[in-house]
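Hello,

Here is the structure for you to look at. Please open it first, then read my notes below.

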Amino acid sequence: MDTSYFSKFYKKTRLEKIQALLDANILTEEDKQFLTQAPLLSDELANSMVENQLTQYALPLGVALNLMVDGKEYAVPMVTEEPSVIAAASSAAKTIAQAGGFDTTSTKRRMIGQVALTAVPDTTHAQKQLKLHKKDVLNKANQAHPSIVKRGGGADEVMVRFIEATEKSPEFLVVHVYIDVQEAMGANIVNTMMEAIAPYLEMLTGGKVLMGILSNYATECLATAACRIPVDLLKREGLSGETVRDRLIEAAQFAYADPYRAVTHNKGIMNGIDAVVLASGNDWRAIEAGAHAYAARSGQYRALSNWEKADNGDLLGSLTLPMPIGFVGGSITIHPTAQFSQRLLSVKNAKELESVIVSVGLGQNFAALKALVTEGIQKGHMGLQAKSLAISAGATDHWIELVADELKKAPHMNLETAKTLLNKIKNK
Ligand code: MEV
């Protein structure tokens, strides 16, 4: 990737940005055409994606540059309505690229299917039966979806969980099946398999099946990103790199200890993660739900990321979370902008996409914490919100930039000020 085209990228017009990505060989002529003709869904496609479709809801898709993951540089598509997210992702990516980039690891991509059984007459006997007939359970699951087996995946493990009765719930015997879904997100594969094995599980256990469904708590599909940042890269005006590092570590400790802070800390991580997940055509609610459950895995809701000091004084960051995204299937294959995102990212498979997404999440967290423990978040945030405020005040065309520039200098950046400035500028 030739990054010489990216100098002052954020200052370029939209068309200049597209041209710079074309010149850097990240986009093709077809991509340029796609981006310059409003890339809406066809009526036919939009109408077939959901029930009762009325129109389309547009959000900006932008690009975060300089993300270095496992030695490869990425231009990352991000869809978000929040003005500071892409700027923060790009700035963090740049600093971390100077430090060598992100290193990632991931587990095998296995989804968990659940079948819940109630009214099992003898749970000890049922558990024995399930253990004894584990191979048959797996065979029946795989027979229900032979194409995933042909592609090298399929059901490969059965686990049984017993959930005791409480004042508010009866006891449950829950059968978990681990399924390698290859490049798919896998909800349909898993749900088909769970429904198919349900009658056999009733027969084996003597219980009643309540439901068979994928669990979005994808603890068998985890992705981790890590980075190591020398303190030299952390210096701010009036603050040494060591001070910024120590304050950032304390910020992470605060989010580890306090759920009120942890939720906001993790929300900042999800700002980046959701934006890429959405751009890639994936189910961001599944990623959100899994991430928050993982944050609470100790019994207390805690920070998803971890920041600490290395022996040589560098800042070490890491983030692990369930990342059950897909690379094919569902809306990913049919949505033209999701397809464009795959081309822009130039990832080859679901694992590589997982690595990029979890790295963006860690970078986003780094940017937020660094701002919070130094100049505060409002300076950067409000600067980027100036244009939205100008538009809310009624500015159009070239007035937007003019009002936004004046707003950034004003002591109180709010709608009132934006309206006053717009009037003043127009009547000059
Ligand atoms: C705002 O969208 C996200 C932050 O609040 C995250 C954080 O506090 O860590 C800035």
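First, a term: a residue is exposed when its relative accessible area is over 50%, and buried when that area is under 20%. Keep in mind that this is a predicted model.

Start with helix α6, residues 134-144. Lys135 and Gln143 are exposed, and they sit on the face of α6 turned away from its buried side. Which residues of α6 are buried? They are Val137, Leu138, Ala141 and Asn142. Seen down the axis of α6, the buried residues fall within an arc of 130°, so they line one face of the helix. Their cover includes helix α7 (146-150) and helix α8 (187-205). Strands β5 (154-163) and β6 (172-180) are also part of that cover.

His145 is in the loop between α6 and α7. Is His145 buried or exposed? Its relative accessible area is 17%, so His145 is buried, the cut-off being under 20%. Leaving aside neighbours within four places in sequence, His145 touches Ile189, Thr192 and Met193.

Compare that with Asn47. Asn47 belongs to helix α3, residues 43-49. Asn47 has a relative accessible area of 46%, so it counts as partly exposed. Arg109 comes 62 residues away from Asn47 along the chain. Their C-alpha atoms are separated by 32 Å.

Next, the sheet. It is open and has 4 strands, in the order β3-β8-β10-β9. The pairing is antiparallel. Look at β9 and β10 (residues 315-322): 5 bridges join them. Lys309 stands opposite Leu315 in β10. Helix α9 (residues 241-257) packs on this sheet and touches β9 and β10. The direction of α9 makes about 145° with that of β9.

Then the nonpolar cores. The largest has 58 residues. Among the members that touch the most others are Leu67, Val76, Met78, Trp307 and Phe366. Which helix gives the most to this core? Helix α14 (residues 350-372) does, with 10 residues. A second, separate core holds 31 residues, including Val181, Val190, Met194 and Ala286. Back in the largest core, take Val76 as a case. Not counting residues up to four places away in sequence, Val76 touches Gly62, Val63, Ala64, Leu67, Val276, Leu345, Val356 and Val360.

Last, the whole chain. It has 428 residues, and buried ones make up 47% of them. There are 17 helices and 10 strands. The C-alpha atoms fill a box of roughly 85 × 55 × 45 Å, taken along the principal axes. Among contacts between residues at least 6 apart in sequence, 70% join residues at least 24 apart.

The chain is divided into domain 1 (39-106 + 221-375), domain 2 (110-215) and domain 3 (380-426). Where domains 1 and 2 meet, 10 residues of domain 1 are in contact with 5 residues of domain 2. The C-alpha centres of these two domains lie 32 Å apart.

Best wishes

Definitions and conventions
Residues numbered from 1 in each chain as written. Predicted model: local features only at pLDDT ≥ 70, side-chain atom pairs only at ≥ 80, totals over all residues. Heavy atoms only, no water. Core = buried A, V, L, I, M, F, W, Y, C linked by side-chain atoms within 4.5 Å. Buried < 20%, exposed > 50% of the residue type's maximum accessible area, 1.4 Å probe, protein only. Helix = DSSP H or I, 4+ residues; strand = E, 2+ residues; numbered from the N terminus. Contact = heavy atoms within 4.5 Å. Pairing = 2+ DSSP bridges. Axes fitted to C-alpha atoms, helices over the stretch in contact; angles between N-to-C directions. Arc of directions from axis to C-beta. Domains from an automatic or database assignment.
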